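Me: I would like to learn how to read the features of a model with care. Could you take me through this one, giving the general idea before each case?

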Amino acid sequence: MDMADEAKEARKRPRFTGRAKGPDRELVLGNSQQGEAGSGPQKRAARSDAWSAELRRTFLETLALTCNVSEAARVVGRNLSTVYYQKRRDPAFARAWKQALSIGHEELKALMLRQALFGTEEEEIVLDAEGAVKSRKIKRGHPHMVQAILFKAHQQEVAEMLEQAEVEKPDGEDAVMRLRKALELVRERRGG
């Protein structure tokens, strides 16, 4: 019996549906497990709730604008556990997450500085029954407490990222010292 006949015979046998009851029973994988004509595993269809490039971009843009993971997750329609799972699972996403927080942190610092220098203004307009302006009031203030809390929340993470970026610079002080040590080691091995 050649291989083609053996394959036809194997297709005729019942599919394995449980434990083998004796040595004459053998495991036969069906097409659903092997793919068409035994060509290998079948590919799965993409999940409908997968992280598309557009979804990632929206999440990261919102994170950069707000420095708020909960708000960014809400905007893309994901819960926090899903977002943090994606961050742990995908290193590129985690790096982009840190970069978005860094951008947001810098924007927050600039906003705090502007508000510290110039304060804030809010116009309050009161209308009468006909819809005409009855009175107009401008409120000025310096709301630093919320900004200080947000600044403090991300300060450590941004500092660690900036420190890591300093170490990885090819022309940084650390790189020059490592290069000098490597050159000294080569000179010692050459005997000169």
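Me: What percentage of the residues in the protein do buried residues make up?

Reply: Before the number, note that this is a predicted model, in which local features need pLDDT of at least 70 and side-chain atom pairs count only at pLDDT 80 or more, whereas totals for chains, interfaces and linings use all residues. Residues are numbered from 1 along each chain as its sequence is written, and side-chain values use heavy atoms, with hydrogens and water left out. Buried means under 20% relative accessible area, exposed over 50%, and partly exposed in between (1.4 Å probe, protein chains only). By that reading, buried residues make up 20% of the 192 residues in the protein.

Me: How many helices and strands are there, and in what order do the elements run?

Reply: Helices (H or I, at least four residues) and strands (E, at least two) are DSSP runs, numbered from the N terminus. The protein has eight helices and two strands, and from the N terminus on its elements run α-α-α-α-α-α-β-β-α-α.

Me: What span should helix α3 have, and how far apart are its end C-alpha atoms?

Reply: The expected span of a helix is 1.5 Å times one less than its number of residues. For the 14 residues of helix α3 (residues 53–66) this gives 20 Å, and the end C-alpha atoms are 20 Å apart, which agrees. The buried residues of α3 are L55, F59, L60, T62, L63 and A64, and just after the helix C67 takes a positive phi of about 55°.

Me: How many salt bridges does the structure hold, and which residue forms one with R57?

Reply: Side chains of opposite charge can pair when their charged atoms come close. The criterion used here is a side-chain nitrogen of Lys or Arg within 4 Å of a carboxyl oxygen of Asp or Glu, and the structure holds seven such salt bridges. R57 forms one with E54, with the closest N and O atoms 2.5 Å apart; both residues lie in helix α3, three residues apart, about one turn of the helix. An α-helix has 3.6 residues a turn, so residues three or four places apart point the same way. R57 is partly exposed at 39% relative accessibility, E54 is partly exposed at 45%, and a network of salt bridges links E54, R57 and E61.

Me: Where do the partners R56 and D90 lie in the chain?

Reply: The side chains of R56 and D90 meet in a salt bridge at 2.6 Å, N to O. This pair links distant parts of the chain, with R56 in helix α3 and D90 in the loop between α5 and α6, 34 residues apart. R56 counts as partly exposed at 23% relative accessibility, whereas D90 is buried at 16%.

Me: How many aromatic pairs does a search of the whole structure find?

Reply: A pair of aromatic rings is described by the distance of the centres and the angle of the planes. Rings of Phe, Tyr and Trp (its six-membered ring) pair if their centres lie within 6.5 Å, and planes under 30 degrees apart count as stacked, over 60 as edge-to-face and the rest as tilted. The search finds six aromatic pairs. One of them is the tilted pair of W51 and F93, at 5.3 Å centre to centre with 50° between the planes. W51 lies in the loop between α2 (31–34) and α3 and F93 in helix α6 (residues 91–118), so the pair ties together parts that are 42 residues apart in sequence. W51 is buried at 15% relative accessibility, and F93 is buried at 1%. Ring pairs link W51, F59, Y84, F93 and W97 into a cluster.

Me: Which charged residues lie over the rings of W51 and W97?

Reply: A charge sits over a ring if NZ of Lys or CZ of Arg is within 6 Å of the ring centre and within 35 degrees of the ring normal. The charged end of R78 sits over the ring of W51, 5.5 Å from its centre, and K87 lies over the face of W97, at 4.5 Å from the ring centre.
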